[in-house]
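Thanks for coming. I will take a few minutes to walk through one model, starting with its pockets, and then go on to a helix and some ring pairs.

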Amino acid sequence: MEGSNVPLEKVKIDHFVSINRALIQFWDDWESRFSDEENAIKTGFTELDQILNGGLHKSELTVVAGLPSMGKTIFGMNVAHSVSCSKRSVGLISYRNPWLVIGFMALQSHVDSQKIRCCNLSKAEKIKVTKACEELKNIPLWICQPYGLDFSEVVDQMRLMREKNKVEIFVIDSFELMKISKNDNPHSIQVSSSMRSLRLLSRQLDIPIIAISNLKPHGSSRLPSVSKLYGNTAVQADNILLLYRPEYYVANERPGELEVKVVQNTHGPCGWVNLYFNSQYCKLENFQEC
């Protein structure tokens with residue numbers, strides 16, 4: 001095999017490092033991983049945090065996807081609620097649920113969200129809801145319902161909230177509903193471009209971002225898969241979580257169960273966990289705590 005014919009005295013040895021230097025670099029990275037795990041933002045779901053090496057990490061984009069009615073919005077709400085209740089500031093950007101505040105009231109009070117919505121409360125339930133509202137006033141949760149804003153304007157809002165209110169994590173529900181662009185590029189290309197921008201934003205702001213998204217219907221299969229994601233989301237995301245509720249399709253099949261599959265994980269192996277889904281209270285719980 002021939003070389004480049006460059007005289008050896010002009011060749012710089014800059015692609016080789018000593019084992020000593022390699023060990024120093026590895027040790028620094030190794031110690032930072034322990035620190036990163038300690039500082040990770042907990043989702044509130046014990047087994048999921050274990051798979052994700054401690055929780056949600058700085059500078060990472062996590063995509064949470066599923067077909068309609070799989071519990072994506074409730075998943076995002078529960079993460080936002082759990083994190084903000086631990087006194088870490090959360091920004092929740094929601095295009096999907098105009099009754100978001102009612103959901104948080106139900107989640108905090110354990111009162112049926114439909115009863116709250118219809119103002120059909122007993123005296124005891126009204127006391128619980130009132131108490132819940134007082135408690136919710138004190139958590140660092142910021143809600144944005146950005147109807148009419150395009151993607152770049154939403155990004156500007158996120159930058160401002162990071163600077164002004166020290167937001168430590170953003171949850172976007174649902175990503176594909178954002179006004180992405182006015183150009184004529186196919187929707188899949190626009191989604192890919194904007195997802196890439198979100199990933200860069202997570203690195204610039206040095207915080208985790210959760211992007212919730214629907215999956216594309218594909219044939220008769222009801223099971224979630226990476227192939228049903230819009231655009232090349234799998235390439236842009238650091239972590240991908242797919243949600244599935246068997247009971248939605250077959251009555252009494254694994255009742256109350258929400259399956260969360262970690263199909264892409266920057267920090268280690270993939271896996272899955274089961275959560276308990278309580279639609280009345282808009283609540284998800286670790287199964288062992290139910």
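One definition to begin with: Ala, Val, Leu, Ile, Met, Phe, Trp, Tyr, Cys and Pro count as nonpolar, Asp, Glu, Lys and Arg as charged, and the others, Gly among them, as polar. The model is predicted, so local features need pLDDT of at least 70 and side-chain atom pairs count only at pLDDT 80 or more, while totals for chains, interfaces and linings use all residues. Residues are numbered from 1 along each chain as its sequence is written, and side-chain values use heavy atoms, with hydrogens and water left out.

Now the pockets. On a 1 Å grid over the protein atoms alone, a pocket is an open set of points where a 1.4 Å probe fits, with protein on both sides within 12 Å along at least five of seven lines; lining residues have an atom within 4 Å of a point. Grid points are joined across faces, edges and corners, and a volume is the space filled by probe spheres set on the points.

The largest pocket holds about 410 Å³ of space. It is lined by 21 residues, and the closest to its centre are G71, T73, I74, N97 and F277. Helices here are DSSP runs of H or I with at least four residues, strands are runs of E with at least two, and both are numbered from the N terminus. Which helix gives the most to the lining of the largest pocket? Helix 3 does, with 4 residues. By type, the lining of the largest pocket has 8 nonpolar, 9 polar and 4 charged residues.

The second largest pocket has a volume of about 180 Å³. Of its 12 lining residues, G44, F45, N78, K283 and L284 are the closest to its centre. Strand 9 supplies the largest share of this lining, 4 residues. The lining of the second largest pocket divides into 3 nonpolar, 6 polar and 3 charged residues.

Next, helix 4, residues 100–109. Buried means under 20% relative accessible area, exposed over 50%, and partly exposed in between, with a 1.4 Å probe and protein chains only. Just after helix 4, H110 takes a positive phi of about 60°.

Last, the rings. Rings of Phe, Tyr and Trp (its six-membered ring) pair if their centres lie within 6.5 Å; planes under 30 degrees apart count as stacked, over 60 as edge-to-face and the rest as tilted. The count comes to 4 aromatic pairs. Why is the pair of F45 and F75 called tilted? The ring centres of F45 and F75 are 5.7 Å apart and the planes are at 35°, so the pair is tilted. F45 lies in the loop between helix 1 and helix 2 and F75 in helix 3, so the pair ties together parts that are 30 residues apart in sequence. Both F45 and F75 are buried.

Y248 and Y249 form an edge-to-face pair, at 5.1 Å centre to centre and 85° between the planes. Y248 is partly exposed at 44% relative accessible area, and Y249 is partly exposed at 24%. Y244, Y248 and Y249 form one aromatic cluster.
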